[in-house]
Amino acid sequence: MLKRILSIFLLAIFCSITSATEAIVVDKRPVLIGFSILQENDITKAMLNGAKKAVGKLNAKLIVRDGRGDVDVQMAQIHDLIAQETGCLVVVYDDIKANGRIVESGKNKGTPVVLVEGKVTDKKAAFDAAKNAVEEAYNKVRSKKVQPAFYSGY
């Protein structure tokens, strides 16, 4: 009789502990970072090198899109990156009015967007700006809480 009461008591404790705990989810998949430039030139090449340098240190993959000098093409490519569910976006812009809508679109889908000024004249500053933007975007993605794929009611 004592064994039965003790086993029921231990079972009750075990059930209360397991129902109150949450699963710890460690996501080891690489973060997909969309990197959009309006057009390729010496400054954006330096920015791309900075982005690649940052990705090399992080668990991330870079998807680069070139707008070929057309804002509408760049915006369509960015919407495509959002639709592909990239983890975050880094957008090099020349006209903030045109790309302001992108930030709103990304927020609506839950995709962090980091904007980088494209009218920088110094290559070193452009390199650092893109590197920092990629790291900031990566940190925004990693700071989100990961939801478990399933939940057990036990």
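**Notes on the fold**

1. Strand β3 is joined to strand β4 (residues 113–117) by five bridges, and the two strands run parallel. Within this pairing, Val91 stands opposite Leu115 of β4. It should be kept in mind throughout that this is a predicted model.

2. On its other pairing, β3 is linked to strand β1 (residues 31–37) by four bridges, again with the strands running parallel, and here Leu89 of β3 is the bridge partner of Gly34. Strand β1 is in turn joined to β2 by seven bridges, also in parallel, with Ile37 having Asp66 as its bridge partner in β2.

3. Taken together, these pairings give an open sheet of four strands in the order β2-β1-β3-β4, with parallel pairing. The edges are formed by β2 (60–66) and β4, each of which pairs on one side only. If direction is ignored, neighbouring strands of this sheet are turned by 20 degrees against each other on average.

4. How many of the six residues of strand β3 (residues 88–93) are buried? Six of the six are, so this strand is largely enclosed by the rest of the structure. For the protein as a whole, buried residues make up 35% of the 154 residues.

5. The secondary structure comprises five helices and four strands, and from the N terminus on the elements follow the pattern α-β-α-β-α-β-α-β-α. Among the contacts with a separation of 6 or more, 74% are accounted for by residues 24 or more positions apart.

6. Helix α2 (residues 42–57) packs against helix α5 (residues 123–142) at an angle of about 40 degrees, with the two axes 7 Å apart. The pair α2 and α5 is therefore described as oblique, and the crossing of these two helices is right-handed. On the α2 side the contact includes Ile43, Ala46, Met47, Gly50, Ala54 and Val55, and on the α5 side the residues include Ala126, Phe127, Ala130 and Val134. Sorted by class, the contact of α2 with α5 has 10 nonpolar, two polar and six charged residues.

7. Returning to the sheet, β1 and β2 are joined by seven bridges. Helix α2 packs on this sheet and touches β1, β2, β3 and β4, and its direction makes about 165 degrees with that of β2.

8. Two loop residues deserve a look at their backbone angles. Most residues other than glycine have a negative phi. Arg68, which lies in the loop between β2 and α3 (71–83), has a phi near 55 degrees, a positive value in a residue other than glycine. Glu85, placed in the loop between α3 and β3, likewise has a positive phi, of about 60 degrees, although it is not a glycine.

9. Are these two residues, Arg68 and Glu85, buried or exposed? With the cut-off for exposed set at over 50% relative accessible area, Arg68 counts as exposed because its relative accessibility is 61%, and Glu85 counts as exposed because its relative accessibility is 67%.

Terms used. Residues numbered from 1 in each chain as written. Predicted model: local features only at pLDDT ≥ 70, side-chain atom pairs only at ≥ 80, totals over all residues. Heavy atoms only, no water. Axes fitted to C-alpha atoms, helices over the stretch in contact; angles between N-to-C directions. Parallel < 35°, antiparallel > 145°, perpendicular 65-115°, else oblique. Left-handed = near helix turned anticlockwise from the far one by under 90°. Contact = heavy atoms within 4.5 Å. Nonpolar A, V, L, I, M, F, W, Y, C, P; charged D, E, K, R; others polar. Buried < 20%, exposed > 50% of the residue type's maximum accessible area, 1.4 Å probe, protein only. Pairing = 2+ DSSP bridges.
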